[in-house]
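Have the sequence open beside the model while you read.

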Amino acid sequence: MYGAGTNFMMLTRRKFAVGCGAFAASGIFGAPLGFTDPAPEGTHLPIPMLIDAAKQGNAAHLKAMSGRHAFIEGKPTGTYGYSAPVLGPVLRVRRGDEVQVTVENALNTATTVHWHGLLAPGYNDGGPQQLIQPNDIWRPVLKINQPAATLWFHPHPHHDTARQIYMGLTGIIIIDDGSDARLDLPRTYGVDDLPIILQDRSIESDGSIGYDNNDLNALEIAYGARGDTIVVNGAIAPTAKVPAGLVRLRLLNAANAQNFDLRFKDRRTFHVIASDGGFLTAPVPVTQLMISPAERFEILVDFSDGKAVALETGPDKEMGEFGRVAPDGSADYVAVMQFQPTPAMPPLVKRVPNRLIEHATPNATSVVRRRQFVLDSGLCASRAQASAHAMPALIGINGKPFDIGRIDFETKLGTTEIWEITSIGMAHPFHVHGALFRIMSIEGAPPPVHLTGWKDTVLVEDKAELLIAFNQPATREHPFMYHCHILEHEEAGLMGQYICS
Ligand code: C2O
Ligand code: CU
């Protein structure tokens, strides 16, 4: 995909014509990319190692390292991971604890570790200002003081974030505040409580993935890096063996740019119980769920019928013709992974609770100010499709591309603001560090119920109004970032920084 002389148009053609054929020809998969019921003898869903901080003296060690990982069996390739060849551990922390994290950089390049969604002061946030040089160690003490939620961690060094995440640097954080037990939610890690890291990769026939910062063309910048193969926890079309009861999936979209439009093949109803910032007030029944880069949703799926079922994704609507994922280029859904209920695993939880938690609704009358953010990716879709070589005009927020030497504005600790986000060019997943928000309106309407909880990332197609609360300090030296989470947009300038005191 990023080899010399290739471009996005070629990738797209290859994606439909050659890429998937290569998998079929390799004989590893019975069908290209997606597959049909029943589950083929595929890979088991890899379950990242769990670090339960409380069980090791509230300390955790993460080593950013390079490794080798075989996306295609027998064809390992160079990747990055945290204390693992690819991806990283799930770090479980308890509300109220102080966790001493040791981050060791064993890469041959500078990195940072950003705790995406964690409410922590700027000096612990791991933004682009906090580079950890090769062989250096960073030791933040993270004070966990927010409700139960699924967060994640990833690198944030400016001009190398997209590549480092693409190479595999992604891990999950679970904050536990006791509500799992109180609500009797599925909570047995790796059994009925599964982390599901969704990504797409362009995998060459020799098994390699590659990302060359110096060889991105205008279309890759305009649309972000997208691959022809969906990977879940680092595996292609894996199968999870699950109890024939309720199973909780902690979904994370850790793709550079791709939106996943998820549903089960049999269109079963499932319940969304949490979004980025934690639990919703009550489980929300849905049959379809869109998840954009950096968003998390926790869902409960009922497998008590004992039937195997595929989780599938549809075309990325935000991408038009380019968003199609089916091998034949059609608008069809393709399987992301398979679930196989097994009698050998007795169901631990059977009932979806009626209520989850109460939210203190932020008071819109205490809003101290409104700010406008116009996210412009500099290239309208039709222009982008017309030419692979037209350089994007201006990529920036409010007409300004990112400048690490500029603080864009200042907020007051303890206050609430309304942020109006406008997307130009295409839908942008907007993310803020150091604060959580509630969506007041999106695309001119009240948000759908599953988007009414606390969030840190929102996909804005046209316009959104966010009620955002500032409770964490950030100084000039260590400001908070806000940006589009299409990583190539972020790198190209769709980012800004604010301070809070
Ligand atoms: Cu997921 Cu600025 O971060
Ligand atoms: Cu964007």
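1. The protein donors are His-428 (ND1), Cys-484 (SG) and His-489 (ND1), and they lie 2.0 to 2.1 Å from the copper ion. A donor here is an N, O or S atom within 2.8 Å of the metal (3.2 Å for Na, K and Ca), and water is not among the atoms, so sites may look incomplete. His-428 and Cys-484 are both buried; buried means under 20% relative accessible area, exposed means over 50%, and partly exposed is in between (1.4 Å probe, protein chains only).

2. A word on what you're looking at. This is a predicted model, where local features need pLDDT of at least 70, side-chain atom pairs count only at pLDDT 80 or more, and totals for chains, interfaces and linings use all residues. Residues are numbered from 1 along each chain as its sequence is written, chains are lettered from A and ligands numbered from 1 in the order in which they are written, and side-chain values use heavy atoms, with hydrogens and water left out.

3. Helices (H or I, at least four residues) and strands (E, at least two) are DSSP runs, numbered from the N terminus, and two strands pair if DSSP finds at least two bridges between them. Strand S27 (residues 428-432) pairs with strand S31 (residues 480-484) in the antiparallel sense, over three bridges. Look for His-431: its bridge partner in S31 is His-483.

4. Zoom out to the sheet. Five strands make an open sheet in the order S25-S32-S31-S27-S29, and the pairing is mixed. Which strands are at the edges? They are S25 (409-411) and S29 (457-460), each pairing on one side only. Neighbouring strands of this sheet are turned by 25° against each other on average, direction ignored; the axes are lines fitted to C-alpha atoms (for helices, over the stretch in contact), and angles run from 0 to 180 degrees between N-to-C directions.

5. Next, strand S9. Six of its six residues are buried. Ala-149, Leu-151 and Phe-153 point one way, while Thr-150, Trp-152 and His-154 point the other way. S9 runs antiparallel to strand S6 (residues 114-116), with three bridges, and His-114 has His-154 as its bridge partner. Five bridges also join S9 to strand S10 (residues 171-176), again antiparallel, and Phe-153 stands opposite Gly-171 there.

6. Aromatic rings come up a lot: the structure holds 22 aromatic pairs. Rings of Phe, Tyr and Trp (its six-membered ring) pair if their centres lie within 6.5 Å; planes under 30 degrees apart count as stacked, over 60 as edge-to-face and the rest as tilted. Tyr-82 and Phe-153 make a tilted pair, at 5.0 Å centre to centre and 55° between the planes. Tyr-82 is in strand S3 (residues 77-82) and Phe-153 in S9 (residues 149-154), so this pair ties together parts 71 residues apart in sequence. Both Tyr-82 and Phe-153 are buried.

7. Arg-263 deserves a click. Arg-263 sits in strand S16 (residues 260-264) and lies over the face of Tyr-333, at 3.4 Å from the ring centre. For that label, NZ of Lys or CZ of Arg must be within 6 Å of the ring centre and within 35 degrees of the ring normal. Among the residues Arg-263 touches are Thr-287, Glu-312 and Tyr-333, where contact means heavy atoms within 4.5 Å.

8. Asn-58 counts as buried at 17% relative accessibility, whereas Asn-398 counts as partly exposed at 42%.

Notes. Lists of a residue's contacts leave out its neighbours within four places in sequence.
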